[in-house]
Amino acid sequence: MIAIPLDKVRNIQKAYQSEIDMQRQNALDELNVLNSEKHTVVDKEYLEFVISKFENQNDNILLWDLNRIKEEINKIDFKNVPTEIKNGKTRKTGIKDKIIKCLGYTKLRSSFYPNYFNDIGIKACVYCNSQLTIVANKKHAKFEVDHFYSKSDYPFLSISLCNLYPACASCNGTKSSKKIEFELYTDDISKTKKSDYKFKLTSNSKAKYLVTRDRNNIEVEFEEPDYKSNEFAKFNDVFHVEGIYKTQNDLVEELLIKSQIYNESYLNILKSSFYKLNLNPEVFKRIIIGNYTEDIDIHKRPMSKITMDIARELGLID
Ligand SMILES: [Zn+2]
């Protein structure tokens, strides 16, 4: 629900430079092994197109940002995944899955991505912010990522870091190959300082709740920015954001109660009583509302976005 500065991402990529170089080299080696096997003409042609993208060590495909990726996709000689007709249906040939396997995407989910995204500061789904991006299976916790450019259509981008959007399993599943406008990594500081999305109480939610003390009277709505083109789907339509948060009115209820308890004079008493703890102001506010309080920290914890938006609306934080 907020973009991350590309500068920050580039710095973290620099810290992992040798590991990322190795990932490109391993992928290239595996692709070359695959290429030594027997293929149909179209599969071989596609495979060689993919290999050419991994050969340049000074222009590591894993480090391409979104603009660079778009540039490649728009090139005249760009090749689509080959298709075949089976049982009367057109489908992509098996070369797609073989390429993804060569790139080592599955292995990276339990090895590299948890550390890399932890350093970037992403632990919560970048789409719904309601769940973690980790899925546990029998042996390892795996990092769940959505591919901005789907791995089905663009298998060669399956490990390019700026194509990876950490997401919960539910959002990853519902998004599938739908197109959304939200870009996670950007140089545009207007997108990285403040979220374009907003949760707010419906107009008489607060009053109704305060009179009845019935949390079923609490309703939250989700506002999205105006999208440039109608080629993009709305967050709410793709990820069912309002539906997810409808189930969380107990959280909003707690904030409403907190806004009554933690009035200005009580907050001042707390601050002066516990000055010896030497808490920085953000930590103090975080303790009060029970989650992060600043937009730049949204990805650090599930439910932070709704918590900070409603807390702001209620005057618990500024
Ligand atoms: Zn999600």
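Predicted model: local features only at pLDDT ≥ 70, side-chain atom pairs only at ≥ 80, totals over all residues.

User: How do I judge the size of an interface?
Analyst: The size is often given as the accessible area lost when the parts come together. Here, about 1800 Å² is buried between domain 1 and domain 2, and carbon and sulfur atoms give 64% of that area. N129, K179 and E181 supply 34% of what domain 1 buries against domain 2, more than any other three residues.

User: How many residues of each domain are in contact?
Analyst: On the domain 1 side there are 21, and they touch 21 residues of domain 2.

User: Which residues form the salt bridge between the domains?
Analyst: The count between domain 1 and domain 2 is 1 salt bridge. K179 pairs with E231, and their closest N and O atoms are 3.2 Å apart. K179 is also one of the three residues named above for buried area.

User: And the polar contacts?
Analyst: Across the interface, 13 residue pairs are in polar contact, counting pairs with both residues at pLDDT 80 or more. Helix α8, residues 169-175, gives the most to the side of domain 1 that touches domain 2, with 3 residues. That side of domain 1 divides into 11 nonpolar, 5 polar and 5 charged residues.

Technical notes
Residues numbered from 1 in each chain as written. Heavy atoms only, no water. Contact = heavy atoms within 4.5 Å. Buried area = accessible area lost by both parts, 1.4 Å probe. Salt bridge = Lys/Arg side-chain N within 4 Å of Asp/Glu carboxyl O. Polar contact = N/O pair within 3.5 Å; in protein donor to acceptor, adjacent residues only side chain to side chain. Helix = DSSP H or I, 4+ residues; strand = E, 2+ residues; numbered from the N terminus. Nonpolar A, V, L, I, M, F, W, Y, C, P; charged D, E, K, R; others polar.
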